[in-house]
Amino acid sequence: MNLLFGLSPFLAVGVGALLLMLAEAFGKPNVAPGVETTDAGAGRAGELALGAAVILVIGAVLSVAVWVAGPESLPELTQVAPHLVIDKFTLFFSFTLCVGGALAALLAGGYLPEHGIDRSEFFPLLLLSTVGAMALSAAGDLLTLFVALETMSLGVYSLIGLRRGSPRAAEAALKYFLLGSFAAAIMLFGLALLYGATGHTDLAGIGAAVRSIGSPGSTVSAGKILISLVLVLVGLAFKVSAVPFHQWTPDAYEGAPTPAATYMAVAVKSAAFAVLLRVLLVGFGDERLASWGAGWPPALAVLAVLSMTVANLVAGRQESVKRMLAYSSIAHAGYALVGVVAAMRSPEAVSAVAFYLLAYTVSTAGAFGALILCGSRGAEAVSYEDLAGVGKRHPAAALAFSLFLFSLAGLPPTAGFFGKLYVFRTAIDSGLYTLAILGLVNSVIGAYYYLRVMVYLYMREPAPGAPRAVTMRSGFVATALVAAAIFVLLLGMAPGFTLDMASGAALTAR
Amino acid sequence: MNPLATVFPPNDFALLAVIVGLPLVGAFVNGVFGKRLGKEAVTLMALSSVGLSFLASVATFVALRGARAAEQAPRFVWQGWEWMRVSSRLDGPDVPIAFDLSVDPLSGTMILVITGVGFLIHLYSTKYMEADAGYHRFFAYLNLFVFSMLVLVLGDSLPVLFVGWEGVGLCSYLLIGFWFHEDANAAAGKKAFIANRVGDFGLLVAMGLLVYHCGALDWRGIDAAAHNLLVPKQVWPIGTHVPLASLLPDSAAAWLNAPRYATGATMVGLALLLGAAGKSAQIPLYVWLPDAMAGPTPVSALIHAATMVTAGVYLVCRLSGVFVLTPAAMFAVAFVGALTALFAATIALVQNDIKKVLAYSTVSQLGFMFLGAGVGAFSAGFFHVLTHAFFKACLFLGAGSVIHAMHARIHGTEASQDMRNMGGLRKFMPVTFVTFAAAWAAIVGFPLTSGFFSKDEILFKAFTSSPQAPLGGSMMVGGRSVELFTWPEWAPITLFVMGVAAATMTAFYMTRLIVGTFLGDFRGWTVVPGWKAAHGHGDDAHDEHAHDEHAHDEPGHGAAGREGPEPHESPWQMTLPLVVLGALAVVAGALNAHALFHSHLLDTWLEPVFQGVEKAIVVKENSKALELPLLVPGLLAFAAGVGGAWWAYVARGGEPMRALAERVPGLHQLVYEKWRIDELYEETFLGAVDALAEFAVWFDKWVVDGLLAKLTALLVAGGGAALRLAQTGRTHAYAALMVVGMAGLGWFFTAPHAQAKVEANHDEGRYVVSAAPGLGYRYRWATAEDGSWASDEFGAQAKVELSLEVGTSRTVKLAVENAFGRVEERTLLLERPRPDRSGPGGATTIEINRGADGRLEGQVAPRPIPSGAFPGPLGSALRVPPSFPVPGGGMPAPRGAAPGGPVPAPGVAAPSPGGAR
């Protein structure tokens, strides 16, 4: 029973996904009389979105429940370890993932009907992908890790290509699929090498084997470990879209339906960070690797600086808000990587990254949602120009957009401020002054393009004759925005509770 | 030292949240739904929220008294939530910033005033603002103000106070500019906002300094750690010497370069004074308050007389534990107060606008409060806050009532407030007159009224007490004794004389005001001659007449002018607050009537708040005996002021003053134009800002846009082009870049990185060199003087230790072989400097400021400093992270700086060209 309880967040979402699939397949299409359709889910995006959101909220609530009950007091959970490691780290991330997924589902409930994408398989796919993401955050074994990674990715490939008629969507999906397979193959090679070198597939065993290197009688080859580390890093850096493994991101986000892009930006990235942290700290947590000498921290530091700088510079030059948000997500991967680097010395950095990703999840989902709200059928808001004057015509949408952008830019009293504060502070506490300063400088650069949106919202009028963005009306999108706004403000004004939870989620390096 | 340090049981006094929350609810409802609710509902909401808040405040007050009677510490706390933690130094203790509220006798009394007077003024406003289109907006702002003010007073820490501080500033801005369609009002609002920003800067600086020195921002934490503020800091010269001073003659240069010290307490005190001066309209930041009278009169009464402007005094009282440590800052507080009291009183002598007179009078009275707090008589200063809240609110509301009445005849804002158009209103509005007279009696110091006692108390204390320097007046800095600032002998008598002079002038101009307004004959008939019907003329026509000088009576207009409505008494909603406040203005002195009745109610009540700090105040020996004699100058001031004004304006009909003005027209004009301080600021500060702005425009145009922007644009365009080249949209190009990234990572992990860190102990000459770890790394070392390798084989030894003679140096070589058999070498140069620090190559230039024995000097009763942390001269806290320098390949390096103990040798780590074999 305790085992079931411990696994309940995963089971709820997984079983929910299956039920939703059945409901979609066996329900009656909801189309105008006289229209022939073979798709049982036609016209039912609303109810399916609601179902998916409810399932994911249940998943989130169960995550909190298990967290409160304390996974360490559930000894039965060791039965599934190391394939699934249910600890507070996992539960915090599964909460984040469920929240991100639920927000994406709500956005889809408004977006898909509005833009005539009548494809209700979106929701089961979203749920199954979330199961993969949750399993990824729990993966303590190379096999689970890879299976979960692919479960998560396959769903996302389909979500991107949902708009079958659009060549752009097909291109985006194919591009992501090809590059994703490439990265996955590299990573799989690394995993195989790791197994070959250590004879273990579980991360803890691998960590022990790595630690044994240099002690008398150890047969583990340091060279193979280093090579496999490179290969695994490539695979995971691709998933968190760190520069230079980032180039698919803007193209995929742009071609994908906005809720799918939201899901990729929040859930896929968070899950990838979770597994990155666990692999590095548990598998490669040896002092000789997790230190500022010849280990992964300097390498990741370079990726972090590259991600922040390149993404911020390029984001400032985008004309499409959606692409800007894509680059913004790359820059945020850079900020979070700063925390990952700091995790080599302080367990607190792990909690900082976990908190950062939750803050980033609600802010980004909110920003994408506000962008969705600003457009309507045939007049999707894409470019900055489309947003001109929205502040006057639709103050609520503009206000919400501004709030989420403030949070992404890291201004108090929003969630993003605290996320950045804690990540940079742990970096400083770990002595990574240069990295923290570069992060701060980059935050300032980033503020430029976030504020630019606000300039268009409030200070520009659309050019005469230019098509005007008309905001859509949707209870789903509004609900998602209100929920995200509450999170953003709550995490910004009274972060104590969540911070306490996050600090419980710390993994230790050694 | 610490009035609140006695142990209190942790309390959860949620009533405080109710007190604060109710007006917020009122503001929210009225602000968001006010338009749809209708006038009655808005009135009900506004009045009930503040009224209930008042009742809750009374309950709190009673509970406080109960706790006091039970001999418990009268302090209740409500803990909201913790917002965040900051740390004072990199590894200092965390300073929580929490939304906590607390109440003690000081704030308990303040909230009674805020909600009580606030409620009366809300009631008054329901009629005063009755016809205004922005009725609901007005009450939303007013409720929001009460909320902010309560947060300010009840906040348990400086950050929470700051939230309220900014909130009242915002409400003040919104309400001054309430009738924003007139440019002058909007400009007045902006002026108030900007002057307050200058003050807020001071408050922020004070917060930073307090975090640094005390590691706390809540009241009890500050008090508990206040002694840490007695650390001397060199404040001059900034850096090691004054730039260009060497160009001056030697003696002048030496004088300029001589180091000067201030204690942390002085810096905090002066920063707080700047903040308080902004909010409480003291020199030099008082200029906004007179202009603030552009707002509706109830606003002037509530915000700009009774509550918000006393926030500065409250702040000084609240942090009295910090102020008593610094006689220098106290001296500044007292003299700023006395000067303001005197200076503003001179301006009030000649103003004609009834609200302007009251505004300058407020500035002057606030000066009295600062004077009281500055000499260490915090409870006397606070007593004046209390009495002033009653009589000045009553005066303003009375003035509002007068203006309301005048509006029946005169529609121009300026003309309806001009005393030259009033006179004789006693007949038309008896209630207003009686209450106004009561408040007048209080402010001029009519014996036995509240103002008499509170002003006398301040003057008495100014004469008899002064703060004494802490630590016996000197402290050690770098082995030398430095004298601390002590109050000069002449200070008390000077302050006393200034106070008496200001009191005399107060009595004079207030008598002039009441005579001009209420006595004699009504002069308003002549303002609008031929005035028949309310809608006969446009407002412009009225104004034209109103601006004319009609001081003399025109017989021709007399009878005709009496047509139309007369000035009339105001409705009960307006007179009731007047009566209550007028009564309080008369009797509230009984709270603390030392001199005559030995009543110490307020002093006793506030004792727990100030009991620690008053030990730091020296009181003249014979002060008890002086108490009665010192009443005489105050009485004389009252008699001279009132008598003089009576003689000049009633007996002689204003003739002497006109004559005086004609004899010195320049001076009269100068005072009438408020000493032209606004113009002075315009010319100097605003001029400087304008010049700076012009320069910025020029710089922006030619340097930023012309040079930098073009350059950056070029770079960004280049970079963009390069990046666009990369972002082709072609999948195989993306994959290629991933391969490049993978190759980069592969290079990094397969190349050896020979890095080392040195822990140097120069004093003992011991140096430990440790190589950075790496998976599969093996090392060998060359530490001998001839540079030969210690062994031919690579081994596991990652650390060598060696010792050096003074003034010598040694080259150490390290070779690292990694798992792939590649080798990298690194050469390090170790130097042991001479003790006089003239060692080769300036090796010790980053030595931080500390004494020969390695301890911080000149520090008195220091807080235990966390190990490894050092308060350096620039507040740097330094420690060593376990980090390593980075290979030359451009990795971001965490540069750990100097720790307290081992200092990394600066001459270390010149990378050698040796590389892979």
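**Exercise 1. The build of chain A**

Task: Work out how many helices and strands chain A has, and how its radius of gyration compares with the globule rule.

Solution: 
- Step 1. Start with the secondary structure: in this predicted model, chain A has 19 helices and zero strands.
- Step 2. Next, take the radius of gyration, which is 22 Å for chain A, while the globule rule gives 24 Å for 510 residues. The two values are close, so chain A is as compact as a globular protein of that length.
- Step 3. Now look inside. Of the 510 residues of chain A, 66% count as buried. Among contacts between residues at least 6 apart in sequence, 81% join residues at least 24 apart.

**Exercise 2. One serine in its surroundings**

Task: Find A:S363 and decide whether it is buried or exposed.

Solution: 
- Step 1. Locate the residue: A:S363 lies in helix α13 of chain A, which covers residues 347-373.
- Step 2. Check its accessibility. The relative accessible area of A:S363 is 1%, and the cut-off for buried is under 20%, so A:S363 is buried.
- Step 3. List the contacts. Leaving aside neighbours within four places in sequence, A:S363 touches A:F404, A:S407, A:L408 and A:V488.

**Exercise 3. Comparing salt bridges**

Solution: 
- Step 1. Take A:K88 and A:E72, whose side chains meet at 3.9 Å, N to O. This pair links distant parts of the chain, 16 residues apart: A:K88 is in helix α3 (residues 88-114), and A:E72 is in the loop between α2 (45-69) and α3. A:E72 is exposed, with a relative accessible area of 60%.
- Step 2. Turn to A:K175 and A:E171, which meet at 2.9 Å, N to O. Both are in helix α6 (residues 167-198) of chain A, and because they are four residues apart there, about one helical turn separates them. A:K175 is buried at 4% relative accessible area, whereas A:E171 is partly exposed at 43%.
- Step 3. Widen the view: A:K175 and A:E171 belong to a network of salt bridges that also links A:R168, A:D251, A:E254 and A:R323.
- Step 4. Finish in chain B, where B:E785 and B:R810 form a salt bridge at 3.9 Å, N to O. B:E785 is in the loop between β11 (778-782) and β12 (799-803), B:R810 is in strand β13 (residues 809-817), and 25 residues separate them. B:E785 is exposed, at 72%, but B:R810 is buried, at 16%.

**Exercise 4. Where the chains meet**

Task: Describe the contact between chain B and chain A, and find which element of chain B gives the most residues to it.

Solution: 
- Step 1. Count the residues: 51 come from chain B and 69 from chain A.
- Step 2. Look at the area. About 4,500 Å² is buried between the chains, with 71% of it from carbon and sulfur atoms. B:M738, B:F749 and B:L775 supply 18% of the area that chain B buries against chain A, more than any other three residues.
- Step 3. Check the pairings: the interface has zero salt bridges, and four residue pairs are in polar contact.
- Step 4. Name the elements. β1 (76-87), α31 (677-726) and α32 (731-750) of chain B each supply at least two residues, and α32(B) gives the most, with 14 residues.
- Step 5. Sort by class: the side of chain B that touches chain A has 32 nonpolar, 14 polar and five charged residues.

Notes
Residues numbered from 1 in each chain as written. Chains lettered and ligands numbered in written order. Predicted model: local features only at pLDDT ≥ 70, side-chain atom pairs only at ≥ 80, totals over all residues. Heavy atoms only, no water. Contact = heavy atoms within 4.5 Å. Buried area = accessible area lost by both parts, 1.4 Å probe. Salt bridge = Lys/Arg side-chain N within 4 Å of Asp/Glu carboxyl O. Polar contact = N/O pair within 3.5 Å; in protein donor to acceptor, adjacent residues only side chain to side chain. Nonpolar A, V, L, I, M, F, W, Y, C, P; charged D, E, K, R; others polar. Rg over C-alpha atoms; globule rule 2.2 N^0.38 Å. Buried < 20%, exposed > 50% of the residue type's maximum accessible area, 1.4 Å probe, protein only.
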